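Okay, everyone, let's get started.

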Amino acid sequence: PEITLILAVPFPMRIKALWPVISSFSAVTRIVIVKGQLSNPEFNATKNLLPEVYTSLIEKGMMQGGRTRQVKVDVCVSDDDTVSKELLDKLGLLCKSDDNNVYDGIARVFLDCGDETTMPTPARDVVIEHCGRIASTASPSAIIAVGPERGWTAEEAALFVNECGFESATLGNSILRVDTAVIASLGVVSAALDECHRERVREEGNDAKRQRMSE
């Protein structure tokens, strides 16, 4: 299983603390830092987004997680790098299905705590449902989009969900800090992908057993 995390740039000390935590999750293969509409512009210049700072922190997290698979990092916080369909396309994160079908091989999870009248589908259920619809030969994978301290705007939510193939998902009705939302979402999605992977391996084993019995 593989996870790409899209994170709107948070408070500088928060992202510094998150680098090793994120990279300790064995499924995380890519971290994309973007500039949300409600992100503090001053945070974009933090040294904690520089390779000379985050590389050692990521390596520390990899050691703690007992993993060897490398983590790719994209920092997109320049003046031209506003969150857009074009940016996600350039990064290879856009759903390519002609009908904008979220079940194209990657579960795209847009974290949203909902409001007083609507509550998105739980993140785990989004991933599990997705895994049930992809080809049996495909490895389960996911992209998670987490907003900044002040959240995503309605315009950004519409972009992700209506134009880029993401599905609104929730971790519950609590309003979480960015670091809590990142860790919780990675835990929930990682567990769901592992569950899908184990089920797929079990089914493959049963199919092989039935084939041997029929010979």
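One term before anything else: I call a residue buried when its relative accessible area is under 20%, exposed when that area is over 50%, and partly exposed in between, using a 1.4 Å probe and protein chains only. Please keep in mind that this is a predicted model: local features need pLDDT of at least 70, side-chain atom pairs count only at pLDDT 80 or more, and totals for chains, interfaces and linings use all residues. Residues are numbered from 1 along each chain as its sequence is written, and side-chain values use heavy atoms, with hydrogens and water left out.

So, the overall layout. The protein has 6 helices and 7 strands; helices here are DSSP runs of H or I with at least four residues, strands are runs of E with at least two, and both are numbered from the N terminus. Going along the sequence, you read β-α-β-α-β-α-β-β-α-β-α-β-α. Of the 215 residues, 47% count as buried. Contact, for me, means heavy atoms within 4.5 Å. Take the contacts between residues at least 6 apart in sequence, and 83% of them join residues at least 24 apart.

Now the sheet. Strands of a sheet pair through backbone hydrogen bonds, either parallel or antiparallel. I count two strands as paired if DSSP finds at least two bridges between them. What order do the strands take in the open sheet? It's 3-2-1-6-4-7-5, 7 strands with parallel pairing. Strand 3 (72-76) and strand 5 (121-122) are the edge strands, each pairing on one side only. Helix 1, residues 12-23, packs on this sheet and touches strand 1 (2-8), strand 2 (28-34) and strand 3. The direction of helix 1 makes about 160 degrees with that of strand 2, where axes are lines fitted to C-alpha atoms, for helices over the stretch in contact, and angles run from 0 to 180 degrees between N-to-C directions.

Let's walk across. Strand 1 pairs with strand 2 in the parallel sense over 6 bridges, and Leu 5 stands opposite Ile 31 in strand 2. With strand 6, strand 1 also pairs in the parallel sense over 6 bridges. There, Glu 2 has Ser 141 as its bridge partner, and Ile 3 stands opposite Ala 142. Strand 1 is mostly covered, with 6 of its 7 residues buried.

Why is strand 6 largely enclosed by the rest of the structure? Because 6 of its 6 residues are buried. In a regular strand the side chains alternate between the two faces of the sheet. In strand 6, Ser 141, Ile 143 and Ala 145 point one way, Ala 142, Ile 144 and Val 146 point the other way, and all are buried.

On we go to strand 4, which pairs with strand 6 (residues 141-146) in the parallel sense over 4 bridges; Arg 108 stands opposite Ile 143. Strand 4 is joined to strand 7 by 3 bridges, running parallel, with Phe 110 opposite Ser 168. Finally, 2 bridges join strand 5 to strand 7, again parallel, and Pro 122 has Thr 170 as its bridge partner.

Two residues to look at up close. Val 109 sits in strand 4 and is buried, at a relative accessible area of 1%. Beyond its neighbours within four places in sequence, Val 109 has contacts including Val 126, Ile 144 and Phe 166. The C-alpha atoms of Val 109 and Val 126 are separated by 7.5 Å, though the two are 17 residues apart along the chain.

The other is Ile 58 in helix 2 (residues 51-64). Is Ile 58 buried or exposed? Buried, with a relative accessible area of 6%. Setting aside neighbours within four places in sequence, Ile 58 is in contact with Trp 19, Ser 23, Val 71 and Val 73. From Ile 58 to Leu 18, it's 40 residues in sequence and 9.1 Å in space, C-alpha to C-alpha.

That's my tour, so over to you for questions.
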